[in-house]
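Dear colleague,

Please find the structure that I promised to pass on to you, followed by my notes on it. I would be glad if you could read the two side by side.

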Amino acid sequence: MLNTTKKPEDTRVIVGMSGGVDSSVTAALLKDEGYEVIGIFMKNWDDTDENGVCTATEDYDDVIKVCNQLDIPYYAVNFEQKYWDHVFTYFLDEYKSGRTPNPDIVCNKEIKFKAFLHHALTLGADYLATGHYAQVRMEKDGTVSMLRGKDDNKDQTYFLNQLNQEQLQKVMFPLGGLMKQEVRDIAHEKGLSTANKKDSTGICFIGERNFKEFLQSYLPAQPGQMVTEDGVVKGQHEGLMYYTLGQRQGLGIGGSGEPWFVLDKNLNENKLIVGQGFHHQGLYSEGLYASDFNWIDDVVRQEPFSCTAKFRYRQMDQGVTVHPKSNGEAYIAFDEPQRAITPGQAVVFYEDDVCLGGATIEEAVKTGESVGS
Amino acid sequence: MQKIYVDHAATTPVHPEAAEAVMDILQNNFGNPSSIHQHGRQARKQLDEAREKLASSIGAVPDEIILTSSGTEADNLAIVGYVHANKQKGNHIITTKVEHHAVLHTCEKLERDGFSVTYLPVDKDGRVNPEEVEASITDETTLITIMHGNNEVGTIQPVTAIAAIAHNYGIAFHTDAVQSYGLIDIDVKSIPVTMMTVSSHKINGPKGAALLYTEKGTKLTPSVTGGEQERKRRAGTENLPAVAGFAVAAVLAQKDMQNHYKLYGQLSEHFITSLTKNEVPFEVNGSNQNKLPHILNIFLPGIDVESSLVQLDMAGISASSGSACTAGSVEPSHVLQAMFHDDQRASSSIRFSFGLDNTFEDVEYIAKEIKRIMNR
């Protein structure tokens, strides 16, 4: 926890509550520590269906139940417009450009730790707490470091890589030092009504729905050819946006030999490049170009340095060397070739347990292509 | 911390005498009014007495009162029940854009069921123009439903003029008088309304009781079928405890109507003076002349209603935006939208609605808190 001169009972903490078990336990733990805790539910998306059923209403009902159990006030706030403007528009734009966006990262950057944090501060909060699996540590020089959550399997620093000092100074992650199972156990011990609630999966605004159908209702699909690297047509694709690099499912290419995988997308010719074998050479890169760097300690790196990195959520750390360029972008050289590096996703950097920050992957440099840094 | 309740348009505290009446029935008169034995008769007597009091409070006779569980249910019965029972006459309904959702969503549902509905616009005061009502009447029009006093801004509609128009054309006229009843003397014999909705919990009565006045001879398809209660237009064992409390609250409200009217007017005025004194920039949403005294809807330029309501709550002040909430978050008010066609104004306005317990000190405190919020 951050050091603070205020006593817990004089410290107002607003907890972002989703109606899930993690944020429920977050509120419960802070309440136990004696903080003045207020729960606030964010409504970012209206998914009311033709029967009037809306998951937000159901989730908010869970927030109400838990807050009443904890005897804390609760409210809701509507960020639908901001979410649409900053997150959903970005999400569609990235798909339009043939990339694979990561809306959770942008949501954390623009909504949860910007609009929502601002809302919390307006309401006189000293801190905003969330149920993220990450840790904050106040350093001697007053900067706040962000560390991985203790539960390796749940660590969410990948999604929080765009946070800055101003935000982290005001943030609490009470679950950062806990294992997911411990969180469930606490919820059961306290008899919280959300103790058995299933963890949400996938992108929040799509939820359990069919991803392809969802995307189809916003972006027109442009079917085209599926071809090998040598230009042999293997079939039809339903629209490049429905495919992710390294994907095996849903290609529908029969025949003998090893399974087929998506190697690349050719946006200009609307072609999906496919190849055989999980370890197909065309899936491997030796480095990547990245932009939109955020360094959590606010110190811009100008000299090359080595650290570890993740290119997707829950991946094992990989050794890399960061080669900053003068335009603020950088080339990231891998110690070992990496499979299915996906433009639009984030590359996030670590030094031991400290998350240094991250950037957006622009382009993978395939193994064998020559690179000048 | 102070606790100031200024959300009486949402619901009101139960008057002790009404609560006593509820308790008395709960403890001493549990019978079913439909039963033929002594317990039933005792309950029936109470029910008839309550119905008589409620009827006379609006100049009606007891047979014209259909008891329901809520104002919403009464609105549903009036609208759905009437248009279905009179389908052979036509399929067109006239209403306004500023009705309560109990009316609006019911009309929208009827549209999906094949009826046609005209939603009339309102002016900046929130008033509908009777000439427009008349102009939108067609051969198919069977029902006009326009509220008496608006729940968000307090604007009173020209119901007398509209009722006269409806009467001339032989069209039924329903008015939701939930907010006006108890503050405005409404005599159904002097205003030719066909149906009128009144609710208990807005006039310091208990929740769970409301009524639909239905002029004798009005055909209605029942909303709930079952037993013979409410002359077969609304089946189900009567909620006698709530009805008894409702009747007591109605009598009290009638008795002190002028005093209440005056008190709320003074509170509103003093609130406005206090805001001015605190140099709070504001505008009143609604009408100056034609308004309910207890509802004051205020546009506070630049504020965010969601955050302001939370800040008021933290300061012990219970107010409201007046508009609907989904998943707890405030939706832009359809009433303010219809009046101003301005999203910004709709999301920067707060409704304060006064009641018996409010004092001048209360409104002074609220004005100071608003000043504090606006300075943040």
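**The contact between the chains**

The contact between the two chains takes 13 residues from chain A and 11 residues from chain B, where two residues are in contact if their C-beta atoms, placed from the backbone, lie within 7 Å. On the side of chain A that touches chain B, the elements that give two or more residues are β2 (36-43), α2 (55-70), β3 (74-78) and α4 (103-122) of chain A, and β3(A) gives the most, with 4 residues. Helices here are DSSP runs of H or I with at least four residues, strands are runs of E with at least two, and both are numbered from the N terminus. By class, that side of chain A has 8 nonpolar, 4 polar and 1 charged residues; Ala, Val, Leu, Ile, Met, Phe, Trp, Tyr, Cys and Pro count as nonpolar, Asp, Glu, Lys and Arg as charged, and the others, Gly among them, as polar.

Before you go further, please note that this is a predicted model, in which local features need pLDDT of at least 70 and side-chain atom pairs count only at pLDDT 80 or more, while totals for chains, interfaces and linings use all residues. Residues are numbered from 1 along each chain as its sequence is written, and chains are lettered from A and ligands numbered from 1 in the order in which they are written.

**Chain A**

Chain A has 7 helices and 17 strands. Its radius of gyration, taken over C-alpha atoms, is 22 Å, close to the 21 Å that the globule rule gives for 373 residues, so chain A is as compact as a globular protein of that length; the rule is 2.2 Å times the number of residues to the power 0.38. Of the 373 residues of chain A, 41% count as buried, a residue being buried if 20 or more other C-beta atoms lie within 10 Å of its own, exposed if 12 or fewer, and partly exposed in between.

A:Thr367 lies in the segment after β17 (354-366) of chain A, and counts as partly exposed, with 15 C-beta neighbours inside 10 Å. Leaving aside neighbours within four places in sequence, A:Thr367 is in contact with A:Gln281, A:Tyr284, A:Ser285, A:Glu286 and A:Pro337.

**Chain B**

In chain B there are 12 helices and 14 strands, and 51% of its 376 residues count as buried. Along the principal axes, the C-alpha trace of chain B spans about 65 × 55 × 40 Å.

Two of its helices, α1 (residues 16-28) and α7 (residues 240-255) of chain B, have axes that come within 8 Å and cross at roughly 155°, the axes being lines fitted to C-alpha atoms over the stretch in contact, with angles running from 0 to 180 degrees between N-to-C directions. That angle makes α1(B) roughly antiparallel to α7(B), since angles over 145 degrees count as roughly antiparallel, under 35 as roughly parallel, 65 to 115 as roughly perpendicular and the rest as oblique. The residues that make this contact include B:Val22 and B:Ile25 of α1(B) and B:Gly245 and B:Val248 of α7(B), and they divide into 13 nonpolar, 1 polar and 1 charged.

B:Ala78, in helix α3 (residues 71-85) of chain B, is buried, with 31 other C-beta atoms within 10 Å. Leaving aside neighbours within four places in sequence, B:Ala78 is in contact with B:His174, B:Met195, B:Thr197 and B:Leu212.

With best wishes
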